[in-house]
Amino acid sequence: MKKPLTLADVQKFENMEFLAKQLVEGFITGLHQSPYHGFSVEFSEHRLYNNGESTRHIDWKVYARTDKLFVKRFEEETNLRCHILLDVSPSMYYPLENNGKLTFSILCAAALATLLRKQRDAVGLVTFSDRIEQQTPVRSTASHLNTLLILLQQQLDQQPTAKDTNVAEVVHHIAQQIPKRSLVVIFSDMLSKVDDLDEIFSALQHLKHQNHEVLIFHVMDRKTEEEFDFAERPYVFVDVETGQELKLQPSQVREHYRTAVEKYKRELALKCGQYKIDFVPVDISEPFDKVLYAYLVKRAKGR
């Protein structure tokens with residue numbers, strides 16, 4: 001990939017399959033060129049060697065090329081089932097000029113689904129706001145991947161509707177539906193009332209109790225949503241979920257706002273750590289491949 005994809009590229013390009021493949025291929029090429037190239041070898045056929053296990057299936061040809069120990073994977077090892085949960089509530093459409101958080105999350109979800117298919121693993125998609133909007137089966141076929149990418153492309157073109165976010169209810173519902181041990185990947189800004197946190201983590205604990213792995217990508221526009229970096233002039237701030245308006249100058253609330261956001265993020269990260277949930281903050285101005293790398297790290301830990 002000659003240059004990194006931007007949010008503008010995603011919005012103007014009407015072929016999610018091409019974009020996802022481009023992102024995955026560029027990511028894999030980057031792994032080959034990085035110190036972390038241990039992840040990059042034919043990962044549909046190999047996995048990292050774990051200390052203490054039998055050396056019988058080590059691929060010595062790969063070791064000769066990479067100086068890394070990999071074990072040949074067998075068909076029964078490729079049965080990872082991954083459920084991608086995509087928050088499509090109105091707050092995810094911020095910043096509105098490019099539907100930033102949602103656009104970022106959609107491409108990441110498309111690339112992750114493409115990577116899973118490349119590994120012969122099964123993937124399903126759930127979009128949600130205050131309830132489940134769309135849900136697909138969990139499959140590993142090429143035709144199923146194509147269906148997922150079409151759904152993601154369609155979601156990119158939809159307009160936000162006046163709905164809240166209800167992560168807790170959706171996660172409880174998904175936990176009741178998943179019969180086999182799975183990886184649940186959530187793309188969300190996790191913006192809800194502070195008193196909803198206990199409900200959210202009760203739902204996430206529901207998943208953990210059933211032995212599922214959980215990976216949360218906390219998607220934010222760091223410059224404005226965390227740092228409150230606005231020029232010093234009067235603004236009318238509008239809550240994209242409730243429509244409530246507030247007139248003020250940024251300096252009037254900046255320090256209080258930053259403190260509140262930092263406290264909320266810290267509590268999210270702390271709770272996730274307590275429940276052994278992987279919590280990955282991502283900024284929509286960062287490269288998309290940070291998400292794919294975090295997934296591979298999670299996958300390696302889970303083996």
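Tutor: On a 1 Å grid over the protein atoms alone, a cavity is a set of points where a 1.4 Å probe fits but cannot get out, whereas a pocket is an open set with protein on both sides within 12 Å along at least five of seven lines; lining residues have an atom within 4 Å of a point. Grid points are joined across faces, edges and corners, and a volume is the space filled by probe spheres set on the points. Here the largest pocket holds about 1700 Å³ of space. The model is a predicted one, in which local features need pLDDT of at least 70 and side-chain atom pairs count only at pLDDT 80 or more, while totals for chains, interfaces and linings use all residues. Residues are numbered from 1 along each chain as its sequence is written, and side-chain values use heavy atoms, with hydrogens and water left out.

Student: Which residues lie nearest the centre of the largest pocket?

Tutor: They are Leu191, Glu225, Val238, Asp239 and Tyr257, out of 46 lining residues. With nonpolar meaning Ala, Val, Leu, Ile, Met, Phe, Trp, Tyr, Cys and Pro, charged meaning Asp, Glu, Lys and Arg, and polar the others, Gly among them, the lining divides into 23 nonpolar, nine polar and 14 charged residues.

Student: Which element gives the largest share of that lining?

Tutor: Elements are DSSP runs numbered from the N terminus: helices (H or I, at least four residues) and strands (E, at least two). The largest share, nine residues, comes from α9.

Student: In what order do the strands of the open sheet run?

Tutor: Two strands pair if DSSP finds at least two bridges between them. In this model six strands follow the order β5-β4-β3-β6-β7-β10, with mixed pairing. β5 (132-135) and β10 (278-283) are the edges; each has a single partner strand, so one side of each lacks a neighbour in the sheet. β7 and β10 pair in the parallel sense over six bridges, and Ile216 stands opposite Phe279 in β10.

Student: At what angle does α7 run to β7?

Tutor: Axes are lines fitted to C-alpha atoms, for helices over the stretch in contact (heavy atoms within 4.5 Å), and angles run from 0 to 180 degrees between N-to-C directions. α7 runs at about 150° to β7, lying across β6 (183-188) and β7. Helix α5 (residues 142-156) runs at about 20° to β4.

Student: What of the backbone?

Tutor: Most residues other than glycine have a negative phi, and most peptide bonds are trans. Met190, in the loop between β6 and α7, has a positive phi near 55°. Tyr94 and Pro95 are joined by a cis peptide bond with omega about -10°.
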